[in-house]
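Have a look at it below, then read on for a few local details.

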Amino acid sequence: MSPNSWICLHPSNATQTTLSLDNRGLAYGDGFFTTMGVIDGQILWLDYHQQRLASHAAALQLQLESFSLLTVLKTHAKQLQQGVLKLIVTRAEQEVRGYGYTPNTGGSVCKVWLKSLPMSVITSQALPLPDGQFIPLQPAASAICLSSKIACLPPPLAGLKSLNRLDNVLASGELQAIKAQAIKAKTWTDTIRPSIAEGLLRDISGQWVEGTMSNVFYQLVEAPVAKSSNPPHSQNNSNSNYLRTGQWYTPSMAQSGVAGVMRQVIIDTLSTSNSPVIIRSLQDEDLPHLSQLFFCNALRGIMPMSSLRLLSGEVVGFEAI
């Protein structure tokens, strides 16, 4: 497999090397994707990606043998050694006209596409986990609240990393335009340094849910007593204790957003700590009272923020880690 090229993993006897215009992922966004980091020939967070493959296939009624697929992916990871595997799963073309499809007892037949991208996924810092694994820790950056909104979806679509990502596309476009405008106008100030790395997004109900390409975790200056009975922690800015210092919250993915792999890793990691992660909505009135904020995804790990610029123009600063 040559770098940066797509191959069809399933069906394995496929002779087609290019995507058909009849592909349902292209026509309807009928499918899902996942992006996996590879270090030393091993897929990072393999169990979590397997859970995503199985849960997404079940939710979309796709016939997918996740364990068999993972065996193939492990082979490609060994060949890649260092980089990213991007997997796209779409429903196979149907004889049924329009949106309809014909399911069977095992789910609807699907097609699986894979792309290998050689690149570095290691950072200079990392947070150790009790099981011996490490979460990459990026340098501190700043974030900004975006005016773009993401859709609220019904079960079982909420939380899925489906191919329907137009709201994220438009939000990412807004973020890139803000970055370009700031650079062009040379309006960088101490209040928004270092560079803007991510944008915080609301869903159409008005709740702040996630970043353009990541999930979000936050702490409040004063944890709401009614929301948690966990004892407060003393502040400790040591990198190794970053996740275990203070009470972390993350918004629910029950009606919008993508339930990311790294988000679940962090929730599971802190589940046995003195302060497990609390699923809690993030509202406008909470933003001025944030004391810590980070974004995360499976490739970049944890991206701590030094500040968040609100829609009003006010900038909320956070302690350095």
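## Ground rules

Helices (H or I, at least four residues) and strands (E, at least two) are DSSP runs, numbered from the N terminus. This is a predicted model, where local features need pLDDT of at least 70, side-chain atom pairs count only at pLDDT 80 or more, and totals for chains, interfaces and linings use all residues. Residues are numbered from 1 along each chain as its sequence is written, and side-chain values use heavy atoms, with hydrogens and water left out.

## Cis peptide bonds

Proline 156 sits in the loop between β9 (141-150) and α4 (166-185). Its bond to proline 155 is cis, with omega about 5°.

Another cis bond runs from histidine 10 to proline 11, with omega near 0°. You'll find proline 11 in the loop between β1 and α1.

## Positive phi angles

Tryptophan 45 isn't a glycine, yet its phi is positive, near 55°. It belongs to the loop between β3 (42-43) and α2. Is tryptophan 45 buried or exposed? With 5% relative accessibility, tryptophan 45 counts as buried (buried means under 20% relative accessible area, exposed over 50%, partly exposed in between, using a 1.4 Å probe and protein chains only).

Glutamine 61 also has a positive phi, near 55°, and lies in the loop between α2 and β4 (62-63). Glutamine 61 is partly exposed, at a relative accessible area of 40%.
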